[in-house]
Amino acid sequence: MRVGLRLKVSAFAAALVIALAGGMAYFFVVQGAARREAETIARFRDAARLMALLQHVGASGAPELDFAKLETLVKNSVSLDNGLVYATLSAAGKGEGGDTLERGRVNEEMWRALGADLAGTYDGQGESYVLAQLAAGEVDFGGRLKEFRTELPGGKVLRVGFDLTALDAALAADLRANLLVTGGALLLGLAGALLLGRAIVGRIEELAAAMRRVARGDLTPRVEVHGQDEIGVLQTAFNVMTTELRKKERYKETLGRYVSEQVAERLLTEESDLDLTGEEREVTVVFLDVRGFTQLSRAMPPRALMQLLNEFFAEMIDIVFAHEGSINKLVGDSIMALFGAPVPVGDPEARALRAALAIQAAVEARNTARRAAGDIEVGLGVGVATGRVVAGNVGSTKRLEYTVMGPAVNVAARIEELARRGQVLAAEATYRKVADRATVVDLGPTTLRGIADPVRLFEVRAVADPT
């Protein structure tokens with residue numbers, strides 16, 4: 001299952017806030033409560049030790065515990081807020097019965113506040129019974145009271161008990177306050193985490209949506225830049241990128257009006273210019289020339305003649321591109337097309353011949369319509385040759401023209417001169433590559449102008465698709 005970035009960022013921020021809140025709760029609530037409890041018990045212990053030092057000279061002349069003063073402390077413990085619930089003085093017991101009570105005092109109000117069970121025992125059995133039980137250590141306080149037992153000289157034992165319910169109440173109040181503060185901080189942190197996730201991811205999602213539009217070929221989107229942080233820098237970079245892509249597309253469109261799309265693409269994508277010295281490769285060259293152009297130029301005004309040629313050439317160029325060829329030159333009433341340069345293609349000979357036949361068919365279809373309308377017809381001759389050439393830039397660093405040079409270029413041009421209207425003539429080197437698929441008429445060896453050795457020519461009627 002795909003998890004969105006907004007959820008990831010919000011979840012991470014929320015987890016961080018929860019971890020911080022948990023840490024705060026642990027240190028301020030749990031640890032604070034434990035520390036306060038320990039401090040309170042330590043204070044009670046110190047008080048118990050001080051009480052054991054409340055001594056006076058007894059009848060024997062030896063120091064004895066001044067229990068009267070201790071009883072006063074128990075009696076007034078509520079007003080003194082010392083937490084003292086009871087005190088007992090007993091003789092240390094030697095058997096299972098525990099210590100034997102000698103004197104004791106219970107603060108009734110505080111005892112009753114410890115719970116109904118202890119209050120019931122007090123009401124039912126009386127203070128003397130409760131004190132005896134306390135001296136013997138047989139009362140279960142259930143954590144509501146903390147007792148300290150101190151052995152005194154002469155085999156005496158002092159027991160004092162301090163109320164923990166006040167401490168528990170204070171700790172509970174602290175816990176509630178701390179939980180309230182921690183919970184509030186947690187809620188604020190979670191809200192902030194959601195807002196942070198929305199603020200960060202919202203900008204990224206806007207950028208991603210714009211990128212998807214660019215991926216679909218739409219180069220118009222721009223994103224609003226918010227701030228100068230990392231995302232703002234990314235938004236600025238995106239806007240610069242789309243601006244440069246639009247410029248490149250305009251350059252490509254402009255170049256495509258003068259050179260083939262393949263050449264334009266290669267010029268714009270290669271890190272360096274096409275090699276001035278050229279690259280050697282085998283290509284198939286196609287020359288197309290309008291027959292009777294001189295008569296056409298005499299019969300038609302120049303503007304009308306140019307419009308006519310543009311109509312025919314537009315269709316021819318589309319057919320060349322559809323067969324993955326490139327237009328190398330447009331010279332007057334002639335077109336030079338390449339198959340295999342500047343971009344290699346599979347089966348270039350068959351592609352070239354099928355393109356030439358498709359062009360002748362398209363020209364004938366146009367002529368049929370023109371003939372019916374009583375307009376002047378346009379004839380076309382095509383020559384095709386294959387061979388190794390040098391393909392590259394010709395010119396200087398200020399003005400370059402991509403072209404090919406080699407015998408195949410001259411042979412194709414000379415063959416085209418011999419082609420009659422509607423014919424597609426191919427040299428033997430081209431025919432041999434498609435011999436098993438082509439329907440041809442063998443014209444035999446033919447002497448071409450400017451070519452020393454005769455060239456065997458074939459009139460191509462059809463080229464089947466590879467099976």
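Here follow some questions and answers about the predicted model shown above.

Author: Because this is a predicted model, local features need pLDDT of at least 70 and side-chain atom pairs count only at pLDDT 80 or more, while totals for chains, interfaces and linings use all residues. Residues are numbered from 1 along each chain as its sequence is written, and side-chain values use heavy atoms, with hydrogens and water left out.

Reader: How many helices and strands does the protein chain have?
Author: Helices (H or I, at least four residues) and strands (E, at least two) are DSSP runs, numbered from the N terminus. On that basis, the protein chain has 13 helices and 14 strands.

Reader: What share of the residues in the protein chain is buried?
Author: A residue is buried under 20% relative accessible area, exposed over 50%, and partly exposed in between (1.4 Å probe, protein chains only). Of the 467 residues in the protein chain, the buried share is 39%.

Reader: Among contacts with a separation of 6 or more, what share joins residues 24 or more positions apart?
Author: Contact means heavy atoms within 4.5 Å. Taking the contacts in the protein chain with a separation of 6 or more, the share from residues 24 or more positions apart is 61%.

Reader: At roughly what angle do the axes of helix H10 and helix H11 cross?
Author: H10 covers residues 302-322 and H11 covers residues 348-373. Their axes (lines fitted to C-alpha atoms, for helices over the stretch in contact, with angles from 0 to 180 degrees between N-to-C directions) can be compared directly. These axes come within 9 Å of each other, and they cross at roughly 150 degrees.

Reader: Which residue classes make up the contact of H10 with H11?
Author: H10 brings residues including Leu308, Phe312 and Glu315, and H11 brings residues including Ala355, Ile359 and Arg366. Ala, Val, Leu, Ile, Met, Phe, Trp, Tyr, Cys and Pro count as nonpolar, Asp, Glu, Lys and Arg as charged, and the others, Gly among them, as polar. Sorted this way, the contact has ten nonpolar, one polar and four charged residues.

Reader: Which residues does Leu443 touch, leaving aside those up to four places away in sequence?
Author: Leu443 sits in strand S13 (residues 438-446). Leu443 is partly exposed because its relative accessible area is 39%. Val455 is twelve residues along in sequence from Leu443, with their C-alpha atoms 9.9 Å apart. Not counting residues up to four places away in sequence, Leu443 touches Leu425, Leu457, Phe458 and Glu459.

Reader: Is the peptide bond from Ala341 to Pro342 cis or trans?
Author: Most peptide bonds are trans. Pro342 lies in the loop between strand S9 (334-339) and H11. With omega near 0 degrees, the bond from Ala341 to Pro342 is cis.

Reader: What is the phi of Glu324?
Author: Most residues other than glycine have a negative phi. Glu324 belongs to the loop between H10 and strand S8 (326-331). Glu324 is partly exposed because its relative accessible area is 40%. Although Glu324 is not a glycine, its phi is positive, at about 65 degrees.

Reader: Is Asp347 buried, partly exposed or exposed?
Author: Asp347 is placed in the loop between S9 and H11. Its phi is near 55 degrees, a positive value in a residue other than glycine. With a relative accessible area of 25%, Asp347 is partly exposed.
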